[in-house]
Amino acid sequence: MRRSACVASLLAAAGLLLAAAVCAQSAFRAPESIRVGLSVMSQVVENTGRLIAAGRYDQLPAESNEFEAGMTALEQGLGDQPSPFKTRIDPLLARARVAASAMSEAVASRRDSMLPVAHDQLADAVRSIIALFPESLRPAAGAAPQAPRNIR
């Protein structure tokens, strides 16, 4: 008797978790656009890290453009309606934009020593953004973007 009550409780809890995930995903205007935006942003963080490590700074401006395209896709997926979620994510999006801009500025002014710092800030901001979303919308680790490059 106890075992069946325990199993029933576990099934109910699992059902609630699944329902919460479905509700969270359906609460977004365009979940696929969010998935693409997060994937592109994550891929840009990986690419820029490799480029900085290899000293290939000339390719960073193109990655900055790609990052902005990913941010645009994400924002389109979120929509423009005010919500508690938007209140939480907007400062993180701003932080990511500032870090991406700092990387571009460092390249333009040839301040190579600032690139790793700006990249770390960008990576941290993107990780924080991705953590706010349900697992079903997050990019897989090491996965390629789900949309063609330059999605604008």
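**Notebook: helix packing and salt bridges**

I began with Asp90 and Lys86, which both sit in helix α4, 4 residues apart, or about one turn of the helix. Helices here are DSSP runs of H or I with at least four residues, strands are runs of E with at least two, and both are numbered from the N terminus.

A note on what I'm looking at: this is a predicted model, where local features need pLDDT of at least 70, side-chain atom pairs count only at pLDDT 80 or more, and totals for chains, interfaces and linings use all residues. Residues are numbered from 1 along each chain as its sequence is written, and side-chain values use heavy atoms, with hydrogens and water left out.

**Entry 1: the Asp90 pair**

I checked the Asp90 to Lys86 pair and found a salt bridge, with the closest N and O atoms 3.9 Å apart. The cut-off I'm using is a side-chain nitrogen of Lys or Arg within 4 Å of a carboxyl oxygen of Asp or Glu. Next I looked up burial, where buried means under 20% relative accessible area, exposed means over 50%, and partly exposed is in between (1.4 Å probe, protein chains only). Asp90 is partly exposed at 36%, whereas Lys86 is buried at 16%.

**Entry 2: other salt bridges**

How many salt bridges does a search of the whole structure find? I got 7.

One of them joins Arg35 to Glu32, with the closest N and O atoms 2.4 Å apart. These two are 3 residues apart in helix α2 (residues 31-54), so about one helical turn separates them. Arg35 is buried, with a relative accessible area of 16%, while Glu32 is partly exposed at 42%.

Another is between the side chains of Arg97 and Glu68, at 2.7 Å from N to O. Because Arg97 lies in helix α4 and Glu68 in helix α3 (residues 60-78), this pair ties together parts that are 29 residues apart in sequence. I have Arg97 down as partly exposed, with a relative accessible area of 27%. Glu68 is also partly exposed, at 24%. I also noted that Glu68, Glu75 and Arg97 are linked in a network of salt bridges.

**Entry 3: the whole chain**

I stepped back to the fold. The protein chain has 5 helices and 0 strands, and its pattern along the sequence reads α-α-α-α-α. Buried residues make up 36% of its 152 residues. I then looked at contacts (heavy atoms within 4.5 Å). Of those between residues at least 6 apart in sequence, 75% join residues at least 24 apart.

**Entry 4: α4 against α5**

Helix α4 (residues 84-108) packs on helix α5 (residues 115-131) at an angle of about 160°, with the axes 8 Å apart. Axes are lines fitted to C-alpha atoms, for helices over the stretch in contact, and angles run from 0 to 180 degrees between N-to-C directions. Which way do α4 and α5 run relative to each other, roughly parallel or roughly antiparallel? They are roughly antiparallel. For reference, under 35 degrees counts as roughly parallel, over 145 as roughly antiparallel, 65 to 115 as roughly perpendicular, and the rest as oblique.

The crossing of α4 and α5 is left-handed, meaning that the near helix is turned anticlockwise from the far one by less than a right angle; clockwise would be right-handed. By class, the contact of α4 with α5 has 15 nonpolar, 3 polar and 2 charged residues. Nonpolar covers Ala, Val, Leu, Ile, Met, Phe, Trp, Tyr, Cys and Pro; charged covers Asp, Glu, Lys and Arg; the others, Gly among them, are polar. Residues in this contact include Leu92, Ala96 and Met103 from α4 and Leu122, Ala125 and Ile129 from α5.

**Entry 5: α2 against α3**

The axes of α2 and α3 come within 7 Å and cross at roughly 160°. That makes α2 roughly antiparallel to α3, and the crossing is left-handed. By class, I have 13 nonpolar, 7 polar and 2 charged residues in the contact of α2 with α3.

**Entry 6: two residues in α2**

Met41 is in helix α2 and is buried at 0% relative accessibility. Its C-alpha atom is 7.0 Å from that of Met71, 30 residues apart along the chain. Leaving aside neighbours within four places in sequence, Met41 is in contact with Phe67, Gly70, Met71, Leu74, Val126 and Ile129.

I also looked up Ser42, in helix α2. Is Ser42 buried or exposed? Ser42 counts as buried, at 16% relative accessibility. Leaving aside neighbours within four places in sequence, Ser42 is in contact with Val126, Ile130 and Pro139.
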